[in-house]
Amino acid sequence: MNILAIDTSNETLSIAILKNKNLVATITTNQSKNHSVTLMPQIANLLKQVNMSITEIDRFVVAKGPGSYTGLRIGVTTAKTFAYTLSKELVGVSSLAVLAAPINEVNTVIIPIFDARRDNVFAGAYLRENNQLKNVIVDQHIPLEKLLEKLSDYKRLFFVGVDSHKFAERIKIVLKDKEIQFSANELDYPQAYYLGIMGLAQEPVDIHSFVPKYLRLTQAESQWLEKNQESNDESLVEKI
Amino acid sequence: MGNGEKKRELILAFESSCDETSVAVIEDGNKILSNVVATQVKSHKRFGGVVPEVASRHHIEQVTLCLADAMEEAKVTYNDLSAVAVTYGPGLVGALLVGVASAKVVAYAHNLPLIPVNHMAGHIYAARFKSEIKFPAIALLVSGGHTELVYMARENSYQIIGETRDDAAGEAYDKIGRVLGLKYPAGKNIDEMAHEGADTFAFPRAMMKEENFDFSFSGLKSAFINTVHHAEQVNEKLNVNDLAASFQQSVVDVLVYKTERALNDFSVKQLILAGGVAANQGLRDGLDELIGKYSGIELLKAPLNLCGDNAAMIGAAGFVAWKNGESADLSLNADPSLEFEWI
Ligand SMILES: [Zn+2]
């Protein structure tokens with residue numbers, strides 16, 4: 001099976017082509033100022049370099065969130081349109097799990113983190129068991145302090161991601177009696193190869209209904225929900 | 001294809017600049033094979049106006065569904081298409097990006113040229129579904145985000161000769177609608193109320209004395225709000241239909257006056273009325289009256305059902321751009337403040 005994996009969920013843009021578990025080609029850039037401008041030319045380039053046509057891709061795998069809302073939408077719209085228009089498979093993988101995937105530590109809880117500003121983070125917790133990643137704290141938008149509280153049950157902790165370093169001081173103070181490690185260098189950034197590997201193991205999703213996992217309502221929606229307790233079952237978008 | 005039989009040119013078009021997701025298939029620039037529009041108006045009604053992040057989220061829910069329906073209704077395959085057109089601005093950046101990303105994928109996946117379309121050119125070309133556009137022409141574009149006069153010397157040429165200095169006309173409608181306690185979007189409601197009332201308040205007509213083609217509606221909006229607030233303070237009950245009629249008459253007078261000025265300065269064959277507010281009956285009547293003064297100029301009004309945002313109009317404008325050799329590469333980005341050049 002040929003896979004095209006796309007991660008545009010944060011500043012890093014990473015794409016990879018896989019033949020089953022084997023890497024065919026990949027490119028990761030941290031200089032992409034604008035994923036809307038760079039994503040498609042990078043995909044076209046990568047395919048060209050390995051002499052493949054987009055029609056040879058059997059499955060599109062995309063980092064579905066959390067992350068930057070705009071970044072997620074560019075990646076997810078691109079992947080879902082590819083899958084739909086070429087009648088191929090679509091798989092979404094947690095953007096946090098992609099960061100956790102290359103961390104080879106056993107008996108250690110792996111915590112990928114994205115800064116969500118104002119002392120909030122997007123984070124989840126994963127354990128490596130039988131060479132599989134097991135999610136032990138679901139991906140969520142959470143105040144850093146609350147996350148650290150939840151982690152106090154574990155003894156060995158491995159924080160992953162470029163943003164994890166921003167919180168290093170606080171983490172070491174709050175969890176002072178734990179064994180704590182932080183990712184370094186290339187493990188700070190998502191690599192689409194790992195995204196592809198994880199996407200290979202998952203079931204394809206329904207293409208039309210697939211949307212990013214923002215893990216956060218818009219401010220307008222949460223304010224509206226506070227005032228309007230009753231659930232709104234009517235469809236909010238209508239064909240005219 | 002038989003001998004001498006002309007190949008039909010099909011454009012697949014995407015529009016997602018504001019709160020409508022739309023995909024259409026247009027034949028030869030003037031025939032709608034499909035025009036699927038998913039509107040989010042119900043969703044934004046909850047907030048009293050369009051919330052950009054909510055709009056962007058709805059677009060991504062809808063975009064492949066609209067694409068599927070548009071291709072199916074048109075009964076065409078990707079092999080039948082000549083090009084893919086997409087609105088790349090002006091509009092809400094997050095909303096535009098969904099349409100742009102999707103259109104780029106379809107163009108690349110099926111080896112089709114990608115045609116970038118200015119949303120305002122799309123609005124003008126909604127009129128193409130009524131009849132042919134004859135050049136030179138002037139278009140009066142009136143919508144929620146824009147109010148401008150555009151000169152078209154020839155096909156695929158658009159130059160601004162005047163625009164609003166502050167609020168767009170449609171924006172003014174929404175704002176006074178809020179003051180009157182009307183549900184968003186209020187334009188249609190105010191138009192209907194205006195027909196039940198009379199212009200009794202004599203609101204200001206802005207910039208009528210200035211030697212240009214620009215508009216302004218903020219003074220009118222303030223005068224309206226002051227009138228309503230003052231009445232509330234002294235416990236006076238105002239006739240809302242008269243308020244609506246007075247507001248609308250002021251808007252129409254300014255639009256018609258500046259359009260008349262443009263028709264006197266530029267020698268044109270057609271006056272085109274387009275944009276979301278072009279569905280306004282008061283404005284349509286006002287321009288009918290104006291055009292009666294000119295024997296050589298034809299008034300071409302965008303069909304009522306194509307005045308709002310839709311991909312059919314993008315397909316019509318995209319067809320013209322494509323014929324004129326325009327195309328974009330895969331780095332095409334959304335341009336939220338895209339504007340025609342000034343003359
Ligand atoms: Zn519009």
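This is a predicted model: local features need pLDDT of at least 70, side-chain atom pairs count only at pLDDT 80 or more; totals for chains, interfaces and linings use all residues.
## The zinc site

Three protein donors hold the zinc ion: the NE2 atoms of B:H119 and B:H123, and an OD atom of B:D309, lying 2.1 Å from the ion. Along the chain, these donors follow the spacing H-x3-H-x185-D. One pair of them links distant parts of the chain, with B:H119 and B:D309 being 190 residues apart. B:H119 belongs to helix 4 of chain B, while B:D309 sits in the loop between strand 10 (298-301) and helix 10 (311-323) of chain B.

## The largest pocket

The largest pocket has a volume of about 1,800 Å³. Its lining is made of 50 residues, and those nearest the pocket centre are B:E20, B:G144, B:P185, B:G276 and B:G308. By class, the lining divides into 17 nonpolar, 22 polar and eleven charged residues.

Which elements build this lining? At least two residues each come from strand 3 (31-39), helix 1 (41-45), helix 4 (119-125), helix 5 and helix 6 of chain B. Helix 5 of chain B supplies the largest share, six residues. Seen by domain, the lining of the largest pocket takes at least three residues from domain 1 (10-125 + 307-342) of chain B and at least three from domain 2 (132-301) of chain B.

## The second largest pocket

The second largest pocket has a volume of about 1,100 Å³. It is lined by 41 residues, with A:G67, A:S68, A:Y69, A:D115 and A:R117 lying nearest its centre. Sorted by class, its lining holds 13 nonpolar, 17 polar and eleven charged residues.

Both chains take part here. Helix 2 of chain A gives the most, with four residues.

## A cavity lined by both chains

How many cavities of 30 Å³ or more does a search of the whole structure find? The search finds one, and about 50 Å³ of space lies in this largest cavity. From chain A, its lining residues are A:H35, A:S36, A:L39, A:M40, A:I74 and A:T78; from chain B, they are B:L97, B:A101 and B:K104.

Two or more of these lining residues come from each of helix 1 (35-49) of chain A, helix 2 of chain A and helix 3 of chain B. Helix 1 of chain A gives the most, with four residues. The class count for the cavity lining is five nonpolar, three polar and one charged.

## Domains of chain A

Chain A is assigned two domains: domain 1 (2-94 + 190-216) and domain 2 (97-188). Their C-alpha centres lie 24 Å apart. The contact between them takes 14 residues from domain 1 of chain A and 14 residues from domain 2 of chain A.

## Backbone spots worth a look

Most residues other than glycine have a negative phi, and most peptide bonds are trans. The peptide bond from B:G89 to B:P90 is cis, with omega near -10 degrees, and B:P90 lies in the loop between strand 4 (81-89) and helix 3 (93-109) of chain B. Another cis bond joins B:Y184 and B:P185, with omega about -10 degrees. B:P185 is in the loop between helix 5 (169-179) and helix 6 (187-194) of chain B, and this proline is also among the residues nearest the centre of the largest pocket.

Positive phi values turn up as well. B:K75, in the loop between helix 2 (52-74) and strand 4 of chain B, has phi near 55 degrees. Its relative accessibility is 71%, so B:K75 counts as exposed. B:A202 has phi near 50 degrees and is found in the loop between helix 6 and helix 7 (218-233) of chain B. With a relative accessible area of 63%, B:A202 is exposed too.

Key:
Residues are numbered from 1 along each chain as its sequence is written. Chains are lettered from A and ligands numbered from 1 in the order in which they are written. Side-chain values use heavy atoms; hydrogens and water are left out. Buried means under 20% relative accessible area, exposed over 50%, partly exposed in between (1.4 Å probe, protein chains only). On a 1 Å grid over the protein atoms alone, a cavity is a set of points where a 1.4 Å probe fits but cannot get out, and a pocket is an open set with protein on both sides within 12 Å along at least five of seven lines; lining residues have an atom within 4 Å of a point. Grid points are joined across faces, edges and corners, and a volume is the space filled by probe spheres set on the points. Ala, Val, Leu, Ile, Met, Phe, Trp, Tyr, Cys and Pro count as nonpolar, Asp, Glu, Lys and Arg as charged, and the others, Gly among them, as polar. Domain bounds come from an automatic or database domain assignment. Donors are N, O and S atoms within 2.8 Å of the metal (3.2 Å for Na, K and Ca); water is not among the atoms, so sites may look incomplete. Contact means heavy atoms within 4.5 Å.
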